[in-house]
Amino acid sequence: MRSPLPVRNGVNATRLRLPAEGPWETALDYILDRFDHVDPDGIGKRFDRGEVVALEGEVLTRTTPLGEHTFVWYYRELPVEERLPVELSILHQDERLLVVDKPHFLPTTPGGMYVAESALVRLRVELGLPDLIPMHRLDRMTAGVLMFAVDPATRGAYQLLFENRRISKEYRAVAPVRPELGLDTAPLDVRSRIVKSRTYLLAQEVEGPANTHTTVSLLDERAGRGLYRLQPHTGKTHQLRLHMASLGLGIINDPFYPVLHPQAPDDYARPLQLLAHSIAFTDPVDGTERAYASRLGLAEFAR
């Protein structure tokens with residue numbers, strides 16, 4: 001369902017579903033009741049400015065009856081954000097695709113306290129690309145190769161690559177070493193069932209048929225630490241971090257796994273040592289072979 005409001009300041013308008021009936025006479029009454037923690041005067045002024053619209057672009061007023069529209073769109077009031085001291089770099093850009101190196105600490109998309117300070121909003125604003133959409137996501141704490149679709153007309157073809165797992169991805173991680181997993185040891189295939197609740201911060205491994213698969217191999221060893229190649233064959237939230245922790249190889253500077261640390265301000269000198277190293281695929285539009293590799297490194301292994 002396409003928004004009738006254009007992207008503003010790099011951010012999409014928010015969609016809200018209205019009930020068909022209830023104790024509210026108008027759409028405004030319902031919204032004021034639902035968002036009673038928000039300044040009611042400010043909400044009313046959005047209606048006065050014509051910033052609350054329905055599917056076909058119809059402008060809602062303070063007196064629009066409840067039940068007249070099912071969905072409405074409006075612009076959120078954006079929080080004031082300090083710019084994070086990290087920068088994106090472009091690896092490739094053409095009329096269909098944008099590939100960037102995302103730094104640690106920058107989220108892929110808006111969420112929570114980060115809206116303008118997300119890779120998506122930064123790039124939309126800085127490059128003047130309001131239709132930009134990420135084809136996949138990296139955790140805020142993970143750095144590396146991140147791909148966006150530029151052209152809405154071809155976006156679906158690239159989305160199918162990810163849905164059908166026709167993308168080859170490799171990660172790098174720094175973690176402790178184990179004697180039984182050496183440079184000459186065959187890669188480990190880790191399979192488990194991972195679940196992630198919306199109400200619980202961490203992902204968990206549970207009993208049941210495996211829904212995740214990661215191949216882990218040691219590339220190099222230095223001073224008791226190893227540089228690992230991680231090849232995810234599935235894409236569950238925190239899969240790599242959890243699989244490494246389950247092997248007794250918790251990734252260096254991971255605040256979640258294997259032990260959840262108390263919440264603390266970001267320490268930019270100690271980023272999670274996990275990097276989306278490369279991505280490769282056959283372009284579904286023109287059939288060319290595409291491959292992109294990160295130019296970033298993992299500082300804890302270089303020491």
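Analyst: Val53 has Trp73 of strand 3 as its bridge partner. The pairing to which this bridge belongs joins strand 2 to strand 3 (residues 71–74), is antiparallel in sense and extends over 2 bridges. In this predicted model, the open sheet that results has 3 strands, arranged in the order 1-3-2 with antiparallel pairing. Strand 1 (14–17) and strand 2 (53–54) are the edge strands; each has a single partner strand, so one side of each has no neighbour in the sheet. In general, strands of a sheet pair through backbone hydrogen bonds, and the sense may be parallel or antiparallel.

The segment before strand 1 contains Asn9. Although Asn9 is a residue other than glycine, its phi is positive, near 55°. Asn9 has a relative accessible area of 57% and is therefore exposed, the cut-off for that class being over 50%.

Asn253 belongs to the loop between helix 5 and strand 13. With 15% relative accessibility, Asn253 counts as buried, because that class takes in values under 20%. The loop between helix 5 (239–246) and strand 13 (274–282) also holds Pro258. The peptide bond leading from Tyr257 into Pro258 is cis, its omega being near 0°.

Attention now turns to a buried side chain. Thr212 is located in strand 11 (residues 212–222). Its relative accessibility is 2%, and Thr212 therefore counts as buried. Two polar partners can be named for the side chain of Thr212. One is the backbone oxygen of Ser192, which lies 2.6 Å from a polar atom of that side chain. The other is the side chain of His243, with which the Thr212 side chain makes a polar contact at 3.1 Å. Leaving aside residues up to four places away in sequence, Thr212 touches Val190, Arg191, Ser192, Ile194, Thr234, Lys236, Gln239 and His243.

The structure holds 1 cavity of 30 Å³ or more, and the space in the largest cavity is about 30 Å³. Its lining consists of His136, Val145, Lys169, Glu170, Tyr171, Ala276, Ser278 and Ile279. Strand 8 (168–176) and strand 13 are the elements that each give two or more residues to this lining. By class, the lining of the largest cavity comprises 4 nonpolar, 2 polar and 2 charged residues. Strand 13 is also the element at which the loop holding Pro258 ends.

The second largest pocket contains about 320 Å³ of space. It is lined by 15 residues, and those nearest its centre are Arg2, Ser3, Val7, Asn12 and Asp131. The class count for the lining of this pocket is 9 nonpolar, 2 polar and 4 charged residues.

Technical notes: Residues are numbered from 1 along each chain as its sequence is written. This is a predicted model: local features need pLDDT of at least 70, side-chain atom pairs count only at pLDDT 80 or more; totals for chains, interfaces and linings use all residues. Side-chain values use heavy atoms; hydrogens and water are left out. Helices (H or I, at least four residues) and strands (E, at least two) are DSSP runs, numbered from the N terminus. Buried means under 20% relative accessible area, exposed over 50%, partly exposed in between (1.4 Å probe, protein chains only). A polar contact is a pair of N or O atoms within 3.5 Å; within protein, one must be able to donate a hydrogen and the other to accept it, and residues adjacent in sequence count only if both atoms are side-chain atoms. Contact means heavy atoms within 4.5 Å. Two strands pair if DSSP finds at least two bridges between them. On a 1 Å grid over the protein atoms alone, a cavity is a set of points where a 1.4 Å probe fits but cannot get out, and a pocket is an open set with protein on both sides within 12 Å along at least five of seven lines; lining residues have an atom within 4 Å of a point. Grid points are joined across faces, edges and corners, and a volume is the space filled by probe spheres set on the points. Ala, Val, Leu, Ile, Met, Phe, Trp, Tyr, Cys and Pro count as nonpolar, Asp, Glu, Lys and Arg as charged, and the others, Gly among them, as polar.
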